[in-house]
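Here are a few friendly notes to read beside the model.

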There are 2 protein chains.
Amino acid sequence: MGALAEKYAVLKSRLAEVMDLRHAAAVLYWDQQVCMPKGGARARGDQLATLSSLTHGRFTSPEVGELLTDLAAYERQFPYDSEEASMIRVSRRQYEQRIRVPTRLVAELTRAGTEGYAAWLAAREADDFRVFCPALERLLGLLREKADALGFAHAPLQAFLNDIEPGMALADVEALFAEVRSVLVPLVRAIASSGRTVDDAVLYQPYAARAQWEVGLDAAKLVGFDLDTRGRQDRSVHPFTIAFSADDVRITTRLAPDDVRQGLFASLHEAGHGAYCQGIPASYDRTPLGQGASGGVHESQSRLWENIVGRSLEFWQSFYPRFRRCFPGQTDGVPLERFHAAVNRVQPSPIRVEADEVTYNLHIMVRHELERAVYRGDLAVADLADAWDAKYEEYLGIRPPNHVQGILQDIHWSGHFGASFVGYTLGNIMSAQLFEAALRDVPDLRERIALGDLHPLRCWMNEHVHALGAKLTPAELIERATGARLSAAAYRTYVTGKFTDLYGL
Amino acid sequence: MGALAEKYAVLKSRLAEVMDLRHAAAVLYWDQQVCMPKGGARARGDQLATLSSLTHGRFTSPEVGELLTDLAAYERQFPYDSEEASMIRVSRRQYEQRIRVPTRLVAELTRAGTEGYAAWLAAREADDFRVFCPALERLLGLLREKADALGFAHAPLQAFLNDIEPGMALADVEALFAEVRSVLVPLVRAIASSGRTVDDAVLYQPYAARAQWEVGLDAAKLVGFDLDTRGRQDRSVHPFTIAFSADDVRITTRLAPDDVRQGLFASLHEAGHGAYCQGIPASYDRTPLGQGASGGVHESQSRLWENIVGRSLEFWQSFYPRFRRCFPGQTDGVPLERFHAAVNRVQPSPIRVEADEVTYNLHIMVRHELERAVYRGDLAVADLADAWDAKYEEYLGIRPPNHVQGILQDIHWSGHFGASFVGYTLGNIMSAQLFEAALRDVPDLRERIALGDLHPLRCWMNEHVHALGAKLTPAELIERATGARLSAAAYRTYVTGKFTDLYGL
């Protein structure tokens, strides 16, 4: 082995150690959300803080920096998307971000997250955003410090975006958002004034938890999420997906006794994430390539299965008979078309995670614009709640009835503030562009879905998205997979076409 | 703060970090046993190996060594059993053990454990001890190296015992064992030839899993194990207890559909461990004092609740009515006395974890004597299986029908070989001595138990055992709690008295 190849092997062993620690922390997080008795919270906070400082310290050690410098010559010997070049490039990108943040600040941010979570819970308990404000102010102070350290003093959101969507410019994101908003706001109004009412009572009846659970598992299996030996599904307050390796991926769902949508679409959504995690080559385990390309690309997979597939007529052509066998009473006299219309009903409502496909993105816009206003200094934390309600009025035509169903609904701001939500809408945009490309490559894709055969779509995604791990930036990945630059065109066509049809606009 | 007090604070922060890492590894272990899909095994092995080397490296760092040296003067300023003196003393004892073992060897032992576990499973699959031999030989080689490093070349078992039972001499353990064996072997024979037969068919009927689960939870609560906010019970192949802090303690049980003993007595046993963990002052969390005094003392708590209490007539006087309400069909026409006799039936059998209270210790003797013979060079690994069967013949009068129910039954030797089992019999001996002392302090203890009030016994154990954490050595703890040196006297009296009565000897 040459000297450089040896250094490359040393780099990989350092990265393996860092990834082991990150995955250990991930197990602790999963346990906290799914299993941990309440009393364990304090100790768990300590354990996670210790792991995060240690991981940070190991990854940003001078040795790793020197290896990355020395390996620049090695990187040039390999093609751009080879394992070797990608490993060095992606590690260097992460290293150069992380090295700027002092270990002290990492530890303080971890603590602020733990305290922020407690404050957020207390504020929800009191239904009063003011209870949460001091913790959020402290967190913001640390995050501004972090953004300064990262060297994007004038646009902290760009600094945070770099972590979530490598290589993406905030201006590009905002241009995409503006385009989507310009389509959705009038679409929501047109639907509201269409006079067309959708009867979705079928969804809101008593549904036995056990049968809901089984239907959710069925749906997750259809997506291609392996529940036998490489994954599992559990219940948690907020559904999420987490991977400890490509062969140990956990999804969670939540079941509402009188609302069958929540569990079923959570299973479809999380199984989309889960299949992505399981589809990354096992040879990337213990390396920075062994994860999704970005938050947005990850959401493209979950939203694809939840919405583009999971709310399509074709999907329900094959899945509805199965669903009816599980719930004969509830679906008695409800034909397929009525059921399909029900799961696609557009109705502005205060809660993001329960929102329909159309209004969902407007929830994201609200959050993103408030984050931007705060970082620009145009909005004080103390005024966030009022600004929240005003934005909901503007985009969705509703005012949240209280803080719990308004500004306190999401956990995100308890631990981070900035670019926390953009991935959801980017994911919607990407999912439409990817699906359009898959349709070009597999012309009978819709017919196959209608027959209950989701295999061709899964294979296409595996080949063009999953199998690449984190080698490419989101822009690179989308361009290679679809042959076109990332744009909102496919999403516009998709969402306008689908809901114009459904609502006879 | 003085210079020494400052150093003490630094030591505590270093120890806190090490304990956080150990507890993180414990969470990963628990997950592996309770939740992890099969596919996760490889990555989990990596994660645990990384954590163990890192923990070893942090704990045995020169900085910790210097702090411990410098703090000798501080230690002398405090009473022996103060938090300060105990913290320094116990940390130094562990440090001086661990510093002798090179990090490389720690990592190799972790790997050997992972490979040993796989080999053990394969051997069980094939029902052939020879499949396991190569892995055990490799493990033994590393363990001999470890014992040499620890500096007890001529008695490796002593080196390993120091880790499990601090301060205890192997000769003392063996003297206790010889005394117990001299009582039990004739007792088993006397019972066999008493002509008295015990009808325990009541235990071996179909018992619904759900009701078994509930009865187990009831029993665990009676022991004082907090299942509300500080603990939980799950199922696993081998029942065990693990703590991530005093406020997050997990026990597991296993349920057999046709054998009600297994789940119930596992719950009682593990709840005994669990109540010990929860009873350690939360102020010892993140320090080496925040754990049990030794393996033996830990077993004294589990065996106390499983056997001395859980198999007593008094316990069943209050618990049997509850049990009967859960299982009216199974217990129909079975009076209390017959049920009590059933759970105390003495019957030599090949499986340790299913053994009755009397023969149980003989299973331990077999294992301990084989370990000793191997380390002395009197027995080759290849001959272990035959030696196993011969010992069973000698002590229990039976021969295991195969390797799975013989030498391959325990998981222990897959990851360690040496002093792995002594804690179980030491625990039995200690439990009798502690119970005798509690009876002196609380004269109506038995009456209270018969009324279903286990509180006085729990409080006594909390005050004399749990509240001390790992401050004292097992010998010190037993002497302070009972006023007498550790001896087998109480256990002799207990076991002889109980079974002489039950079998009319």
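Which residues point one way from β3(A), and which the other way?

1. A:Asp248, A:Arg250 and A:Thr252 point one way, A:Val249, A:Ile251 and A:Thr253 the other, and all are buried (under 20% relative accessible area, 1.4 Å probe, protein chains only). In a regular strand, side chains alternate between the two faces of the sheet.

2. Strand β3 of chain A covers residues 248-253; six of its six residues are buried, so the strand is largely enclosed by the rest of the structure. Strands here are DSSP E runs of at least two residues, and helices are H or I runs of at least four, numbered from the N terminus.

3. On pairing (at least two DSSP bridges between strands): β1(A), residues 231-235, runs parallel to β3(A) with five bridges. β2(A), residues 241-245, is antiparallel to β3(A) over four bridges, and a hairpin of two residues joins β2(A) to β3(A). A:Ile251 is the bridge partner of A:Gln233 and also stands opposite A:Thr241.

4. The contact (heavy atoms within 4.5 Å) includes A:Leu21 and A:Val27 of α1(A) and B:Leu51 and B:Leu54 of α2(B).

5. A word on provenance: this is a predicted model, where local features need pLDDT of at least 70 and side-chain atom pairs pLDDT 80 or more, while totals for chains, interfaces and linings use all residues. Residues are numbered from 1 along each chain as written, chains are lettered from A and ligands numbered from 1 in the order written, and side-chain values use heavy atoms, without hydrogens and water.

Note on methods. Buried < 20%, exposed > 50% of the residue type's maximum accessible area, 1.4 Å probe, protein only.
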